[in-house]
Amino acid sequence: MRRPGLFLLVLSIPALLAADRKESALRLTKDDVGKLPAGWKAEHTGKGEGSVWKVVADDTAPSKSGYALAQTAEGPGPFFNLCVAQDTSFKDVELRVAFKAVKGKLDQGGGLVWRLQDADNYYIARMNPLENNFRVYKVIAGKRHQLATKEDLKVPAGEWHTIKVKMKGDQIECFVDDAKHLEATDDAIGKEGKVGLWTKADAQTAFDGLKVNDLSK
């Protein structure tokens with residue numbers, strides 16, 4: 001069922017609902033455990049094997065649902081794990097998600113993607129607890145280009161934190177735990193695109209409570 005204005009995952013059915021509401025939230029239940037929610041697709045950037053996403057039980061999930069959507073594979077170093085909400089299309093958008101870095105020797109943590117055209121062209125904002133940095137990138141033709149970084153930002157693994165991104169026009173703002181750390185200007189991807197989640201290499205990370213606010217409404 002689709003109506004303009006809201007991206008929503010309830011149980012395992014993605015929908016755009018309620019024209020007078022702009023914000024949506026990812027909700028998960030026990031029916032989703034062990035698989036991807038309907039309407040989501042695991043993709044990747046780079047060569048190799050990885051990007052295995054599934055709903056897992058997690059009593060610590062901030063949403064109090066008892067479940068989270070997790071990347072569970074150990075991919076190679078240059079490999080980007082993507083989990084994309086297929087029935088989405090946003091240009092000016094605000095995204096927010098809770099994340100918990102679970103494992104990772106090469107990389108840890110992860111973040112959000114938006115204006116995704118395909119698996120080789122999108123924006124990323126991600127937090128890496130292993131490197132203690134928060135960065136925003138664009139990926140163009142499969143190549144990642146850094147737009148801004150915040151170094152020496154400590155976000156311990158094994159704990160829940162939040163990432164928020166706002167992009168309107170060519171202006172990007174990025175937040176960790178509701179504190180703004182990054183600003184960037186970029187017009188490489190000026191069209192609407194899909195939204196989703198991202199980790200790198202062997203970063204096994206749980207995500208919860210994804211919210212999407214359409215800023216064009």
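Asp-208 lies in strand E17 (residues 204–214); strands (E, at least two residues) and helices (H or I, at least four) are DSSP runs, numbered from the N terminus. The structure is a predicted model, in which local features need pLDDT of at least 70 and side-chain atom pairs pLDDT 80 or more, while totals for chains, interfaces and linings use all residues. Residues are numbered from 1 along each chain as its sequence is written, and side-chain values use heavy atoms, leaving out hydrogens and water.

## Exercise 1: the chain as a whole

Task: state how many helices and strands the chain has, what percentage of its residues count as buried, and what share of the contacts comes from residues 24 or more positions apart.

Solution. 
- Step 1. The chain has 17 strands and zero helices.
- Step 2. Of its 217 residues, 54% count as buried; buried means under 20% relative accessible area, exposed over 50%, and partly exposed in between (1.4 Å probe, protein chains only).
- Step 3. Among contacts (heavy atoms within 4.5 Å) with a separation of 6 or more, residues 24 or more positions apart account for 63%.

## Exercise 2: the surroundings of Asp-208

Task: determine whether Asp-208 is buried or exposed, and which side chain of opposite charge is nearest; then find which backbone nitrogen lies by a polar atom of the Asp-208 side chain.

Solution. 
- Step 1. Asp-208 is buried and has no salt bridge; a salt bridge is a side-chain nitrogen of Lys or Arg within 4 Å of a carboxyl oxygen of Asp or Glu.
- Step 2. The nearest side chain of opposite charge to Asp-208 is Arg-96, 8.7 Å away. Here Lys and Arg count as positive and Asp and Glu as negative; His and the chain ends are not counted.
- Step 3. A polar atom of the Asp-208 side chain lies 2.7 Å from the backbone nitrogen of Ser-63.
- Step 4. Leaving aside neighbours within four places in sequence, Asp-208 is in contact with residues including Ala-61, Pro-62, Ser-63 and Ser-65. Tyr-67, Val-97, Ala-98 and Trp-160 are also among the contacts of Asp-208.

## Exercise 3: Phe-207

Task: locate Phe-207, say why it is assigned its accessibility class, and name residues that it touches.

Solution. 
- Step 1. Phe-207 is found in strand E17.
- Step 2. Phe-207 counts as buried because its relative accessibility is 1%.
- Step 3. Not counting residues up to four places away in sequence, Phe-207 touches residues that include Trp-53, Phe-99, Trp-160, Leu-197 and Trp-198. Val-97 and Ala-98 are also on the list for Phe-207.
- Step 4. The C-alpha atoms of Phe-207 and Thr-162 are separated by 9.3 Å, the two residues being 45 apart along the chain.

## Exercise 4: salt bridges

Task: count the salt bridges in the whole structure, then describe the pairs Asp-58 with Lys-100, Glu-131 with Arg-126 and Glu-151 with Arg-135.

Solution. 
- Step 1. The search of the whole structure finds 10 salt bridges.
- Step 2. In one of them, the side chains of Asp-58 and Lys-100 meet at 2.8 Å, N to O. The pair links distant parts of the chain, 42 residues apart: Asp-58 is in the loop between strand E5 (53–57) and strand E6 (67–71), and Lys-100 in strand E8 (residues 93–103). Asp-58 is buried at 10% relative accessible area, and Lys-100 counts as buried at 14%.
- Step 3. Glu-131 and Arg-126 have their closest N and O atoms 3.3 Å apart. Glu-131 is partly exposed at 37%, whereas Arg-126 is buried at 4%.
- Step 4. Glu-151 and Arg-135 meet at 2.9 Å, N to O. This pair joins strand E12 (residues 143–151), which holds Glu-151, to strand E11 (residues 133–140), which holds Arg-135, 16 residues apart. Glu-151 is partly exposed at 35%, and Arg-135 counts as buried at 18%.
- Step 5. Asp-92, Arg-115 and Lys-168 are linked in a network of salt bridges.

## Exercise 5: aromatic rings

Task: count the aromatic pairs, classify the pair of Trp-114 and Tyr-123, and find which residues lie over the faces of Tyr-137 and Phe-175.

Solution. 
- Step 1. The whole structure holds three aromatic pairs.
- Step 2. The ring centres of Trp-114 and Tyr-123 are 5.7 Å apart and the planes are at 20°, so the pair is stacked. Rings of Phe, Tyr and Trp (its six-membered ring) pair if their centres lie within 6.5 Å; planes under 30 degrees apart count as stacked, over 60 as edge-to-face and the rest as tilted.
- Step 3. Trp-114 counts as buried at 0% relative accessibility, and Tyr-123 counts as buried at 0%.
- Step 4. Arg-144 lies over the face of Tyr-137, 4.1 Å from the ring centre, and Lys-164 lies over the face of Phe-175, at 4.4 Å. A charge sits over a ring if NZ of Lys or CZ of Arg is within 6 Å of the ring centre and within 35 degrees of the ring normal.

Technical notes:
A polar contact is a pair of N or O atoms within 3.5 Å; within protein, one must be able to donate a hydrogen and the other to accept it, and residues adjacent in sequence count only if both atoms are side-chain atoms.
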